[in-house]
Amino acid sequence: RIRAVALAAIVLVVLGLGPLVFWAVDSLIAGEHLSDCTSQLALWVCILRPALVACALLAGWVRNRP
């Protein structure tokens with residue numbers, strides 16, 4: 001059961017990050033510069049979203065640890 005929940009969580013994270021990463025890469029390839037607000041926002045979200053998920057997973061792991 002724990003493996004199934006972990007696998008479901010990983011799939012949800014991948015499905016949540018996929019379109020965002022595609023949008024960020026597409027905007028950078030399309031000729032936009034890093035100084036544009038949309039490019040900066042996309043890159044910050046691509047960096048911060050996985051970090052927040054990792055913090056939540058770590059907090060849950062520490063809380064359940066005996």
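**View 1. Ser39 in helix α2.** In this predicted model, in which local features need pLDDT of at least 70, side-chain atom pairs count only at pLDDT 80 or more, and totals for chains, interfaces and linings use all residues, S39 lies in helix α2. Helices here are DSSP runs of H or I with at least four residues, strands are runs of E with at least two, and both are numbered from the N terminus. S39 is buried, its relative accessible area being 1%, where buried means under 20% relative accessible area, exposed means over 50% and partly exposed lies in between, with a 1.4 Å probe and protein chains only. The C-alpha atoms of S39 and L28 are separated by 6.9 Å, although these residues are 11 apart along the chain; residues are numbered from 1 along each chain as its sequence is written, and side-chain values use heavy atoms, with hydrogens and water left out.

**View 2. The buried residues of the two helices.** In α1 the buried residues are L17, L20, A24 and S27, and they pack against α2, which covers residues 37-64. The buried residues of α2 are S39, A42 and C46, and these pack against α1; contact means heavy atoms within 4.5 Å.

**View 3. Helix α1 and its bend.** At 1.5 Å a residue, the 28 residues of α1 (residues 2-29) should span 40 Å, and the end C-alpha atoms are 40 Å apart, which agrees; the expected span is 1.5 Å times one less than the number of residues. The helix bends by about 30° at L17, and the proline P19 follows within four residues. The bend is the angle between axes fitted to the seven residues ending at a residue and the seven starting there.

**View 4. Gly60 in helix α2.** G60 is also found in helix α2, where it is partly exposed, with a relative accessible area of 30%. The C-alpha atoms of G60 and W23, 37 residues apart along the chain, are separated by 30 Å. From its first C-alpha to its last, α2 reaches 40 Å with 28 residues, close to the 40 Å expected at 1.5 Å a residue.

**View 5. The surroundings of the close-ups.** The protein chain holds two helices and zero strands. Its radius of gyration is 15 Å, well over the 11 Å that the globule rule gives for 66 residues, so the chain is more spread out than a compact globule; the radius is taken over C-alpha atoms, and the rule is 2.2 Å times the number of residues to the power 0.38. Buried residues make up 11% of the 66 residues.
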